[in-house]
Amino acid sequence: MPVDTIRRISACLLLTLATGATRAADARDPAGAPAPSPEEIAQVVSIWNLELKGDREGELRLARELAGGPGRDPMVNWARGAVHRLTSEGKQLEMAFVSTDGRKIDLKAMRGHVVMIDFWATWCAPCMEALPGLGDTYSRHHAQGLEVIGVSWDGDRAKLDGLVAEGKVVWPQYFEGTKPGKWGEAFGIGGVPYTLLVDKQGRLRFSSAFPDPATLEEHIARLLAE
């Protein structure tokens, strides 16, 4: 099976298992949402498959269909995040949190910089393969105004902290855990790695699953030059 196919299947399975586990937990709470139906799971997987294929029009259509459900439903909230991401290109994004090392991060305070938001995990082989290259990109462009924000989907916080302590990851990190949490849900992210690029005015200008390094470099250089 081609590596690209394996990666796509992995991304879909990740979202299915993560949202399914969340919904199952809600089902144990009488006030929570019921467990996910096979149809809902299939729809979520279809949405992310379209993202991976680059069919943004089809992805947006399906995401809007799923986004019309009850607000307590995590899958519905995720679909609303996907709609938000897909309709936010050219618009300013909002993102603020306290990083794992105590830094206060706010996109509004980072205006004037190009910001890469990197959804990743240490258990994700493509993420770890891309990490040295990302570090090189950060080193080469940081002085020119590039900032990087990591959103970690690690299940073990110690592994993330270890990489930070070793100096392999020097940019701020938000620890989200092994599922689409606050920011994964806010932007409808269904698998890692996933990259968002924000320009100097705080506007979303590029988003991609498994971004090609050359394409990413091209976008970064163009945004830095603006």
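**Exercise 1.** Is Arg205 buried, partly exposed or exposed? Then find its salt-bridge partner and classify that residue too.

*Solution.* Keep in mind that this is a predicted model.
- Step 1: Arg205 has a relative accessible area of 25%. Buried requires under 20% and exposed over 50%. Arg205 is therefore partly exposed.
- Step 2: Its side chain meets that of Asp199 in a salt bridge, at 2.9 Å from N to O.
- Step 3: Asp199 has a relative accessible area of 1%, so Asp199 is buried.

**Exercise 2.** Which parts does the salt bridge between Arg85 and Glu51 tie together?

*Solution.* 
- Step 1: The closest N and O atoms of Arg85 and Glu51 are 3.1 Å apart.
- Step 2: Arg85 belongs to helix H4 (residues 74-86), and Glu51 to helix H2 (residues 38-53), so the pair ties together parts 34 residues apart in sequence.
- Step 3: Check burial. Arg85 is buried at 3% relative accessibility. Glu51 is buried as well, at 5%.
- Step 4: Look at the surroundings. A network of salt bridges links Arg85 and Glu51 with Arg56 and Glu59.

**Exercise 3.** Where do Arg157 and Asp161 lie?

*Solution.* 
- Step 1: Both sit in helix H6 (residues 157-165). They are four residues apart, about one turn of the helix.
- Step 2: Arg157 is partly exposed at 33%. Asp161 is partly exposed at 31%.

**Exercise 4.** How many salt bridges does a search of the whole structure find?

*Solution.* The search finds 14.

Technical notes: Residues numbered from 1 in each chain as written. Predicted model: local features only at pLDDT ≥ 70, side-chain atom pairs only at ≥ 80, totals over all residues. Heavy atoms only, no water. Salt bridge = Lys/Arg side-chain N within 4 Å of Asp/Glu carboxyl O. Helix = DSSP H or I, 4+ residues; strand = E, 2+ residues; numbered from the N terminus. Buried < 20%, exposed > 50% of the residue type's maximum accessible area, 1.4 Å probe, protein only.
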